[in-house]
Amino acid sequence: MVVLRDINTVDALIDRVFSYNPEANADLLRRAYAFSNEMHYKQKRKAGSPYIEHPLAVAAILCGMRMDTNSISAGLLHDTVEDTDTTSDDIKGLFGEDIASLVESLTKLNQMEFRTSEDAQAENFRKMFLAMAEDMRVILIKFADRLHNMRTLGYLSDIKREKIARETLEIYAPLANRLGIGWLKSEFEDLSFKFLMPDIYNQLEQSVAKKREEQEGYLYEVIKIVEAHLKASSIPARVFGRIKHYYGIYQKMQEQKISFELVYDVIATRIITDTQANCYAALGLIHSLWTPVPGRFKDFIGAPKSNLYQSLHTTIVGPKGERVEFQLRTEEMNRIAEEGIAAHWKYKEKDRADKMDEKYFLWLRELIKSQKDSPDAREFLDAVKGNIFPGVVYVFTPEGDIVELPQDATPIDFAYNIHTEVGHQCTGAKVNKRIVPLRYRLQNGDTVEIITSHGHTPSRDWLKFVKSQKARARIKQWLKIEERKKGLVLGEELLEKALRKYSLSPALAKSKEILIAAKPFRIKTHEDLFVAIGYGRLSLHKVIKNLLPESEKAEMEKIAAKKPHKKSDEGKGIKIRGVDNIMFHRSKCCYPLPGEKVTGFVTRGRGISIHTVYCSTLETHAIDVDRLVDVEWTGDGEATYAVKVQVLTIDKRGLLAELSAVLSTNNVNINHLDASTTHEKQALFNFILDIREKSQFDMIVRKILQIQGVIDVKRVQS
């Protein structure tokens, strides 16, 4: 992949476009450049350079991807609507509907209001993915924009640098990988790595340079041996070595917990030949020359990755006992490995995408379909992350078809991949003809058979172990429908009971009068009314009050005033936005503390349960986002909150006294304590501590870890 960095004039840009597309519309490119230059004329980049350098650089990157003229023009114009007085109608009138649509899709949502920056980021990404599903060129232009911003990130503040770099590493790099654009994924990762961990990056850069210098002679010797044998076997091929990108090396060091010196495949040898058959022939030749390392052979030609990547990978013990990694592929496979979807897109217009393109984002359309009923942008973003992060397992159906699933997927994931009803009715599974639990983690090469039973339904517990977003979405959808059914029945029963209590006819529950009484609460149908009452979102007191004449309303208020509502002590210090006079309590599964991000979940009959936003229990129970409410901590600085803490230590006398002393010195009360010993001569202390806020808890953890003999400290969820 040629990544163009030396284009600094529109004429140079047009010359490059003509090199792969002689029929390109040069006039359109000139007009787009001139308009962008005029609109951004008074603006400067953070580096102090003219702003036009950015859109021109974006256009150059798109040119390197061999994109169509409209995409490159949109790259030149992509910031005009956001950063200048230009409107989408202006772009449409001057450059046509297609370019205007691309620019509109790329325009950020700066004028929209969000509760938090996290909401804004999630909604921006949802908008981007929805646009991408309609026109793949949107994401390719967005990639080019983000890449140039990353290349010039050094001019921003530390806070902005970290935010953009982390976003790039968590979203853009995995997405580039999911779309098969290898060079872009590597550059995104290395640039993010450079700004997020500069010290480690610089050290690794120096180590790689040193190792490359040490291995160049050795690698040259290996390549010459391979070339000679390929020639003798009449296998046409190019053989060359390449340094793995820095972040990939760092990841391997972290995953395998090894030092740089033990990473033996920093330099990989690549063999590019003409046919698939010759890939296997060259592999056989390599294995005949040197001993292959067991477990290090991967065939991505027979079983391509989901991003269409194909290659043979093997590691051998080469001359002098050194390990060498080989990657073998055809020219076409190499092009797809580097360029991904861009290799197929080329300079096609929007309506000329072929079936090969569809394979790249079929997963995205399936994801959008499964999430279409969810208005929660953060849930959508989590689902996207689950689909683009690397790590897959390949299993087989009983008929021998290959199914790709996320790493650690279970038979439940497999069942939903086959069909929603197969998933719903799954009661068991056979793996390699043996019965396995539904929690079983599938391994590469497993043959999976699903056992179903008509009338069987999903279990909420499945959400605790399924890995695929498709399975998770289908289970949640089914549970949401069931939750609504239960809420509907309960709400109707509660309303009829309350009507009888006030000597009103139960028939009013399905009358027009009750809908009029509920109108102030934005209730339009009887079903919505029953569900709102059943979920606990709507007070029966308020609805029935609106049915009564004024004289009886006053009497009702007097009765209510004599019975003050009791809020749980566990709810102290918490404010619920937009909700008054409702019972709430702090969840005992995650024990949230002031200073942590929290959310409320409306339970049936027990008021609102307060959880941390990261609570695993909330993930399995908060199926309906309508039952989530915004909550925040109030400034009750004297209140304390129970927290479960587990401390693992070596088993020695006096440690409990030291632990108690640390807690007492820092004004932390021990509410409860259990102690036990293990077979490994270790001691386990389970505390329930009274803590004021998260910062105090973090401080206590640090101080406990400083005690000699303490192995680990962790907060426990029930």
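This is a predicted model: local features need pLDDT of at least 70, side-chain atom pairs count only at pLDDT 80 or more; totals for chains, interfaces and linings use all residues.

Me: Ok, is Arg472 buried or exposed?

Reply: Arg472 is buried, with a relative accessible area of 14%. Buried means under 20% relative accessible area, exposed over 50%, and partly exposed in between (1.4 Å probe, protein chains only).

Me: And what lies 2.9 Å from a polar atom of its side chain?

Reply: That's the backbone oxygen of Val466.

Me: What about the other arginines, where is Arg66?

Reply: Arg66 sits in the loop between helix H3 (53-64) and helix H4 (69-77). Its phi is near 60°, a positive value in a residue other than glycine. Arg66 is partly exposed, at 31% relative accessible area.

Me: And Arg522?

Reply: Arg522 has a phi near 60° too, again positive in a residue other than glycine. Look for Arg522 in the loop between helix H22 (512-518) and helix H23 (526-535). With 79% relative accessibility, Arg522 counts as exposed.

Me: Switching topic: how many residues of H9 are buried?

Reply: 13 of its 15, so H9 is largely enclosed by the rest of the structure. Helix H9 covers residues 137-151 and reaches 21 Å from its first C-alpha to its last, close to the 21 Å expected at 1.5 Å a residue. That expected span is 1.5 Å times one less than the number of residues.

Me: Now sheets. What's the order in the open sheet of three strands?

Reply: The order is E10-E9-E11, with antiparallel pairing. Two strands pair if DSSP finds at least two bridges between them. Strand E10 (434-436) and strand E11 (448-452) are the edge strands, each pairing on one side only.

Me: How many bridges are there between E9 and E11?

Reply: Five, with strand E9 being residues 426-431. Cys426 stands opposite Thr452 in E11.

Me: Which helix packs on the sheet?

Reply: Helix H19 (residues 411-418) does, touching E9, E10 and E11, and its direction makes about 80° with that of E11. Contact means heavy atoms within 4.5 Å. As for the angle, axes are lines fitted to C-alpha atoms, for helices over the stretch in contact, and angles run from 0 to 180 degrees between N-to-C directions.

Me: Last one, how many aromatic pairs are there?

Reply: The count comes to 13. Rings of Phe, Tyr and Trp (its six-membered ring) pair if their centres lie within 6.5 Å; planes under 30 degrees apart count as stacked, over 60 as edge-to-face and the rest as tilted. Among the pairs, Tyr201 and Tyr246 are edge-to-face, at 5.4 Å centre to centre and 90° between the planes. Tyr201 lies in helix H12 (residues 198-232) and Tyr246 in helix H13 (residues 246-256), so the pair ties together parts that are 45 residues apart in sequence. Both Tyr201 and Tyr246 are buried.

Me: Which residues do ring pairs link into a cluster?

Reply: Phe193, Tyr201, Tyr246, Tyr247 and Tyr250.

Definitions and conventions. Residues are numbered from 1 along each chain as its sequence is written. Side-chain values use heavy atoms; hydrogens and water are left out. Helices (H or I, at least four residues) and strands (E, at least two) are DSSP runs, numbered from the N terminus. A polar contact is a pair of N or O atoms within 3.5 Å; within protein, one must be able to donate a hydrogen and the other to accept it, and residues adjacent in sequence count only if both atoms are side-chain atoms.
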